[in-house]
Amino acid sequence: MTDTAVGIDAIEIHAGKLKLDLPETFAPAMGDDPGKYTEGLGLYASSLPDTYEDIVTMGANAAHRLMERKGLEPAHVGRIDVATESAFDHSKPVSTYIAGCLEQVFDGDFHHANKGERKFACVAGTQSIDDAYNWIRAGRHRGRAALVVATDTALYARDDPGEATQGAGAVAMLIDEDPDLVELSTEQGYGSADETDFLKPQQQFPSVDGKRSMAVYLARMREALVDYESVGGNIHPEDFRLGPFHTPFPGMVRKAGVLAYRHITRDTDIEAELADGIGRQPRPEAFDDDGAYMDALGEYTDALKETDRYREWYDDTIDPTLDLSREVGNWYTGSVHVARVSGLAALAEAGEAAAGERLLVGSYGSGAQAEIHVETVQDGWLEEIDALNVGYQLASRYDLSFPEYEDVHDAHNFDEETGVEEFTAPDGEFVFDGWGRMGERKYRYVE
Ligand code: COA
């Protein structure tokens with residue numbers, strides 16, 4: 001059992017190399033007003049994989065860059081966990097493919113690393129971090145670090161409402177003792193229930209009840225917040241510099257933000273200060289029935305949303321976490337980890353001294369489970385964030401026309417046979433290289 005700080009030592013991101021511009025390309029083709037995307041959903045573009053990219057190449061490319069940058073060799077890694085909801089095999093985990101890719105470019109191998117695959121919709125990335133944390137804290141790691149890769153191709157069936165919120169990319173994270181980026185709290189809160197909002201029963205593209213998933217997200221997140229407070233103590237909004245939340249699309253987090261703020265300001269100085277303008281929060285005991293209470297709560301929330309106090313908090317704490325998501329869409333298991341990077345990158349750009357600041361991190365997976373924990377920014381954070389090249393990756397994406405987007409969607413559809421050519425040229429990265437004799441996927445490193 002070790003008592004040293006455990007957390008995220010380093011992060012790398014690999015974005016799908018194609019871009020679908022939502023207001024300029026997708027909206028007109030779908031007959032939609034661009035405002036639905038930019039204002040309503042809060043999205044400007046989706047990152048999509050080129051024809052030679054998939055969850056393995058994106059994950060391996062992110063992990064490769066991370067290991068190179070941190071000067072790691074396979075012997076330093078005792079665990080590789082992949083979180084995904086886009087897996088293509090019910091038995092062989094994606095982590096074995098990623099290890100195989102990395103063994104093409106590093107000396108040594110991962111034969112003594114424990115590998116697995118985590119599934120619980122979008123919360124699985126955070127659960128994999130948890131597994132790594134527990135493994136290290138239990139002292140079973142033999143001084144080695146864990147590699148966690150959250151990788152997804154979030155494609156929906158054509159004409160499904162979810163098509164507006166697609167995305168593809170991978171986040172690789174190194175979990176280690178004495179981390180350079182953030183330390184993880186031991187305290188956690190869970191909100192978990194058997195729900196049917198998003199699922200893929202033996203099918204590639206999800207069956208999703210988008211409106212229901214939004215309601216379940218909010219309910220489970222609230223439950224997790226209450227559970228966190230039972231072990232971590234009451235949360236006050238000013239205790240946290242950033243609130244990275246799972247971001248299926250920024251509009252979802254905008255809805256969650258005001259509900260979270262209402263919850264964490266109840267019985268605080270902030271509720272008292274706002275009372276002159278919008279009254280105190282309704283309490284259930286003051287109402288004869290649930291309906292009247294819910295109506296009053298809704299009215300209070302609408303008024304709260306318009307206060308300067310709330311807007312300032314939202315602009316400082318939540319909005320910076322959404323910058324990347326606006327440009328890449330939903331990366332499922334990677335989404336909350338993209339939100340963390342996005343927020344920290346905004347602080348770096350603003351020249352803020354963030355070491356010692358705390359983050360309130362909210363993860364969510366349909367089906368459904370929310371998890372809340374706290375992270376403390378470490379001294380090495382700025383160097384880690386400055387080392388990312390995600391801005392360059394996003395700016396270099398190939399901008400698809402609508403017919404090209406249709407071809408790319410078909411190329412990644414397991415049920416379609418297509419001969420679509422790639423749109424970009426691979427450069428210093430792993431690529432999909434065809435099929436093996438047992439139907440396994442083959443990968444190759446292109447210099
Ligand atoms: N200007 C500004 N806003 C506009 C607009 C315009 N011209 N047109 C629409 N909007 C707003 C709508 O009012 C709505 O906002 P609201 O929810 O605050 O009312 C938003 O844009 C989206 O429009 P809507 O008509 O509801 O879109 P939709 O029915 O096509 O579906 C989702 C939206 C999010 C439900 C759908 O994209 C989806 O299912 N996504 C997948 C969700 C998911 O993955 N869930 C699982 C993980 S949590």
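**Exercise 1.** Among contacts in the chain between residues at least 6 apart in sequence, what percentage join residues at least 24 apart?

*Solution.* Note that this is a predicted model. Take the contacts between residues at least 6 apart in sequence; 78% of them link residues at least 24 apart.

**Exercise 2.** Compare the radius of gyration of the chain with that of a compact globule.

*Solution.* Start with the length: the chain has 447 residues. A compact globule with 447 residues would have a radius of gyration near 22 Å. The chain has 22 Å, so the two agree. Next, take the extents: the C-alpha trace spans about 70 × 55 × 40 Å along its principal axes. Then turn to burial: 57% of the 447 residues count as buried, meaning under 20% relative accessible area. Finish with the surface: the chain exposes about 18,600 Å², and carbon and sulfur atoms supply 45% of that area.

**Exercise 3.** Trace the open sheet of eight strands from edge to edge.

*Solution.* Read off the order: β5-β4-β6-β7-β1-β8-β12-β11, with mixed pairing. The edge strands are β5 (114–118) and β11 (358–365), since each pairs on one side only. Neighbouring strands are turned by 25 degrees against each other on average, direction ignored. Now pick one pair. Strands β8 (residues 182–192) and β12 (residues 369–377) run antiparallel over eight bridges. Leu 184 stands opposite Glu 375 in β12.

**Exercise 4.** Which strands does helix α12 lie across?

*Solution.* Locate α12 at residues 335–349. The helix lies across β1 (6–15), β7 (167–177), β8, β11 and β12. Its direction is at about 95 degrees to β1.

Terms used
Residues are numbered from 1 along each chain as its sequence is written. This is a predicted model: local features need pLDDT of at least 70, side-chain atom pairs count only at pLDDT 80 or more; totals for chains, interfaces and linings use all residues. Side-chain values use heavy atoms; hydrogens and water are left out. Two strands pair if DSSP finds at least two bridges between them. Helices (H or I, at least four residues) and strands (E, at least two) are DSSP runs, numbered from the N terminus. Axes are lines fitted to C-alpha atoms, for helices over the stretch in contact, and angles run from 0 to 180 degrees between N-to-C directions. Contact means heavy atoms within 4.5 Å. The radius of gyration is taken over C-alpha atoms; the globule rule is 2.2 Å times the number of residues to the power 0.38. Buried means under 20% relative accessible area, exposed over 50%, partly exposed in between (1.4 Å probe, protein chains only). Accessible areas come from the Shrake-Rupley method with a 1.4 Å probe; for residues, only the protein chains shown count as cover.
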